[in-house]
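Let us take a friendly walk through a structure, step by step. Have the sequence and the 3D view ready.

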Amino acid sequence: MFIDWINKRKDSPDKKNVFKEIPDGLWIKCPQCNQIIYSKDWKENFKVCIKCGYHSPLSAYERIEILTDENSFKETDENLLSYDILGFHDTKPYSQRLLEAQRETGLKEAVITGIATIDGIPVNMIVMDFKFIGGSMGSVVGEKVTRAIERSINDNIPLISVIASGGARMQEGLISLFQMAKTSAAIGKLDRARIPYICILTHPSTAGVLASFGSLGDIIIAEPGALIGFAGPRVIEQTIKQKLPEGFQTAEFVLEHGMIDMVVERKKLKPTISLLLKLLWRKK
Amino acid sequence: MKKELTPWERILLARHPQRPTFLDYLPELFDDFIELHGDRYFGDDPAIITGFGFFGEERVAIIGQEKGKTVQDKIKRNFGMPHPEGYRKALRIMKLAEKFDIPIFSFIDTPGAYPGIGAEERGQAMAIALNLKEMSLLRVPIIVVILSEGGSGGALGIGIGDYILILENAYYSVISPEGCASILFRDSNKAPEAASALKITAEDLLKLGLVDEIISEPEGGAHMDIIKTAENIRNALKKVYLILKNKPVDILLKERYEKLRNYGKFVEEVKK
């Protein structure tokens, strides 16, 4: 919902040419500290700056690649498509917005779901992609997420979600708000079935997605520097009419306030999840 | 014949300065209401009133968002914009209701959950998410009434139920029309257009299957006759309550899940 202010961040995943690739593609300039990085090193470090630790946004498929065992991912429900339920037209029709997002990202929707293994442990994956209409949750995101949760319950395997979202998708009106209820109710069933659910909050994890399945994990992990909050910083500033403190709503801030379990740098995510699953999970 | 109102006109009615609030209806609908305070973690949020009372002969748990009447009262109640404590207090009372087998009536009237520093520090998103999850599992009937403003996650945080009623001139939206206008239409003056596009009136929501029933208001709006409006709410509640109270709990929960499960419209391509 707060796509506008997210776009204003200098490290916004939506902003074009964030990585200022130098023409031959051999070198990359970190958008935070301007360090010139050899592109092979950049990729090997999972697109995290070796100098300042800046975590660059990743696409859903890049996420899957770094979190799951090689070639273990099998996508599910890739055949679900959004359509313009309300005949919604702002500066452009919703149907056109969907087509453009599909063309720009090569994705059909803002979430990819599927089954994979992590160090041999079968898991269900829910992976959001911010580039698709700000990772917003409409009917298709809600349905794919819910199906993934239900699959975890039916197959008795743990669930992992990677959040990157501006919130509910306004273009689907109240239907998108109700996806919060739908996904949370499904998590309720998973909870009662005593199957582990781990949330990974990446930049940005906000609004309706954070206020539903995005923060209902048994364990919540965040990437360094990720923006995590219910309301957008601009909305808060306008409401309270004062400047926000430095570092407000960052991963480190919510850790300090007791809202998440840990902040984990990208290359340690997979081993951390793997260890947590080994500690928490015994297949019944 | 009533003149057909535009969505924006209905929103103005829902926000009318004389529009009755939860506290106006409370004594009309319930007897012996006793208010209970505090979330047992941090504080007591006056934007959400909670307690128990009698609905006719029946015991009920009552949750209601309150904007306040006088300037002082409005400030105290933060204009009906709850903090995490409000959602946690509501959940505490709802869990008590479940423990003692008492049905829950939840009344919504909020511009939204409060966007402030303290609210973020104390986990506004987490508080709402937990309510969504827990309300879907509560083993007692839950009836929800949208009185005036159904402001996004702030409304949904006490809005999961077996039956959703909405007053004729109330609205319920994923975002305020003003917010939508400034973000999507890139012009905050386009709130009336956004209000139409978002399909947020009671009638639109009923057509979309997102609410179950509309409670009619007196001509001119609820503020023209509070007693009559309260009577309409009472009659609607009575009817639903009788149906829900006789439902075996397992069927109630199964139907609640299916109701939530079925929200959403999409196309499923046939796999090649």
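## About the model

This is a predicted model, in which local features need pLDDT of at least 70 and side-chain atom pairs count only at pLDDT 80 or more, while totals for chains, interfaces and linings use all residues. Residues are numbered from 1 along each chain as its sequence is written, and chains are lettered from A and ligands numbered from 1 in the order in which they are written.

## Chain A as a whole

Chain A holds 10 helices and 11 strands; these are DSSP runs, numbered from the N terminus (helices: H or I, at least four residues; strands: E, at least two). Its C-alpha trace spans about 50 × 45 × 40 Å along the principal axes.

## Two domains

An automatic or database domain assignment gives the bounds: chain A is divided into domain 1 (1-56) and domain 2 (58-280). Their centres, taken over C-alpha atoms, are separated by 21 Å.

In chain A, 13 residues of domain 1 are in contact with 24 residues of domain 2 (contact: C-beta atoms, placed from the backbone, lie within 7 Å).

## Where two helices meet

Helix α6 (residues 174-192) of chain A and helix α12 (residues 249-261) of chain B have axes that come within 8 Å and cross at roughly 135°. Here, axes are lines fitted to C-alpha atoms, for helices over the stretch in contact, and angles run from 0 to 180 degrees between N-to-C directions.

At this meeting, A:Ala181, A:Lys182 and A:Ala185 in α6(A) meet B:Tyr257, B:Leu260 and B:Arg261 in α12(B).

Key. Contact = placed C-beta atoms within 7 Å.
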